[in-house]
Amino acid sequence: RHDDHNSSRSALSHHHPPPAAAAADDPSTEAYRRRHEITVVGDNVPAPITSFESGGFPPEILKEIQRAGFSSPTPIQAQSWPIALQSQDVVAIAKTGSGKTLGYLLPGFMHIKRLQNNPRSGPTVLVLAPTRELATQILEEAVKFGRSSRISSTCLYGGAPKGPQLRDLDRGVDVVVATPGRLNDILEMRRISLKQVSYLVLDEADRMLDMGFEPQIRKIVKDIPPRRQTLMYTATWPKEVRRIADDLLVHPVQVTIGSVDELVANSAITQNVELITPLEKLRRLEQILRSQDSGSKVLIFCTTKRMCDQLARTLTRQFGASAIHGDKSQSEREKVLSHFRSGRSPILVATDVAARGLDIKDIRVVINYDFPTGIEDYVHRIGRTGRAGATGVAYTFFCDQDSKYAADLIKILEGANQRVPRDLVDMASRGGRGRKRNRWATTRSDRGGSRSELDSRYSGRDGLSGS
Ligand code: ADP
Ligand code: MG
């Protein structure tokens, strides 16, 4: 199905040149993304559209935007519009209130205008949303911004009589906004056809799955031809959402709005994973430290407090090093941090808990001396570097005993377009967490690792272990 979908995808994008905008590699693109905490993962990601006028929207739409009094696109709009306008699939992770609705509606309107389908044969754009309230809000936005472009929209949700909803459908609409339950009811009555839908939006996907709509969504999607563009919006990025994204989207570009350490493997960070035995670790660490520019700040992670102290003592003979962990008094911690900040002691050895919340801007290198006790911590750790526009480097020592994390680590490396060491793939397919998972990891790697998927959006992780 993927192959099919791909070839029709290129046919779709064929007659739709990307809008004029700054070149993707323009320094201003990087600056804009940094300023607005935008992280993108995927191939050929276009530059953000930073003003309404440069989006290539027709005058009718610009007029509505002006009337609404908006001065500039929100970050999620700026970055997801050009992707959607190129007919690429989008995964957008952003909090509520960030302007996601217009983020997908306006490109959807352009899509409708381009295709000129007869609305009496069914909608061209379908938006799925979890609740009646959300669906009606989206409809309001669609009506308001689509009016002068003569785009017709309606809303289908439960808890209200079907009659008026069916009448709207019979008259013909370009856009249907629906909750999955009611849409399925109407599909079963054969009162709507989804054969013309070629722009599908899953809004608040995480909430829809929380509410148990997954089977309904999958059933609806079966009625939509694979020749379509799919956009998924979500506030969080748990496994369930990643799985449905994997099944329904094709090579999506992933756009995340948020602070760097909330993000997965930010591509600004080079991730080196080295398979190593415990006995080789210290020598290799010293080698890495010697190869750094003098004064570069390096943060080293260990699992235990004792190991932290021990390693700092060993290193301090050759390099200025100190340790920070939960057994240190507040005044000791402050002293250690100020020496680290000032560069007097540029190497800091820490546990996960101690490193949490450290606000140190210019860490160049993070070294995972011990692999963390969860893949989430891996992401949090490497997120300490590459901040504030700096490029960061992470080194991770990976031993046989860490093999159960091999498959997860591979996913993260691939999601950030990083090199995946062959031995790690071998390890994942030998040991790890059960056959299914490992086989999957191997396949992904064989596909070239270009899938844009990030794997560490964790909803509310507190209580870290390890110190
Ligand atoms: P989300 O879906 O991310 O929660 P919404 O799409 O509901 O956010 O937008 C939140 C509010 O911001 C809405 O009232 C919307 O009209 C408004 N809005 C959307 N885009 C802009 C913009 N570019 N500038 C100012 N306000 C905007
Ligand atoms: Mg919304």
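Q: Which polar backbone atom is 2.9 Å from a nitrogen atom of ligand 1?
A: That atom belongs to Ser 72. Such a pair is a polar contact, meaning N or O atoms within 3.5 Å; within protein, one must be able to donate a hydrogen and the other to accept it, and residues adjacent in sequence count only if both atoms are side-chain atoms. Keep in mind that this is a predicted model, where local features need pLDDT of at least 70, side-chain atom pairs count only at pLDDT 80 or more, and totals for chains, interfaces and linings use all residues. Residues are numbered from 1 along each chain as its sequence is written, chains are lettered from A and ligands numbered from 1 in the order in which they are written, and side-chain values use heavy atoms, leaving out hydrogens and water.

Q: And what lies 3.1 Å or 3.3 Å from an oxygen atom of ligand 1?
A: At 3.1 Å there is a backbone N or O atom of Lys 100. At 3.3 Å there is a polar side-chain atom of Glu 141.

Q: How much of ligand 1 does the protein bury?
A: The protein buries 70% of the 570 Å² that ligand 1 exposes when taken alone. Accessible areas here come from the Shrake-Rupley method with a 1.4 Å probe; for residues, only the protein chains shown count as cover.

Q: Which residues around ligand 1 come nearest?
A: Of the 14 residues around it, those are Ser 72, Gln 77, Gly 97, Ser 98 and Thr 101. A residue is near a molecule or strand if one of its heavy atoms lies within 4 Å of it.

Q: Switching topic, how many helices and strands are there in the protein chain?
A: The protein chain has 19 helices and 14 strands. Both are DSSP runs numbered from the N terminus: helices are H or I with at least four residues, strands are E with at least two.

Q: What share of the protein chain is buried?
A: Buried residues make up 56% of its 467 residues. Buried means under 20% relative accessible area, exposed over 50%, and partly exposed in between (1.4 Å probe, protein chains only).

Q: What about the largest nonpolar core, which members touch the most others?
A: Those are Tyr 104, Leu 106, Phe 109, Leu 231 and Val 255, out of 47 residues. Helix α5 (residues 100–115) gives the most to this core, with seven residues. A nonpolar core is a set of buried Ala, Val, Leu, Ile, Met, Phe, Trp, Tyr and Cys residues joined through side-chain atoms within 4.5 Å.

Q: What does Phe 109 touch?
A: Leaving aside residues up to four places away in sequence, Phe 109 touches Ile 61, Ala 142, Phe 145, Gly 146, Ile 151 and Val 175. Contact means heavy atoms within 4.5 Å.

Q: And Val 41, where is that?
A: Val 41 sits in strand β1 (residues 38–41), and is buried at 2% relative accessible area.

Q: What is phi for Ser 87?
A: Phi of Ser 87 is near 65°, a positive value in a residue other than glycine. Most residues other than glycine have a negative phi. Gln 116 also has a positive phi, about 55°.
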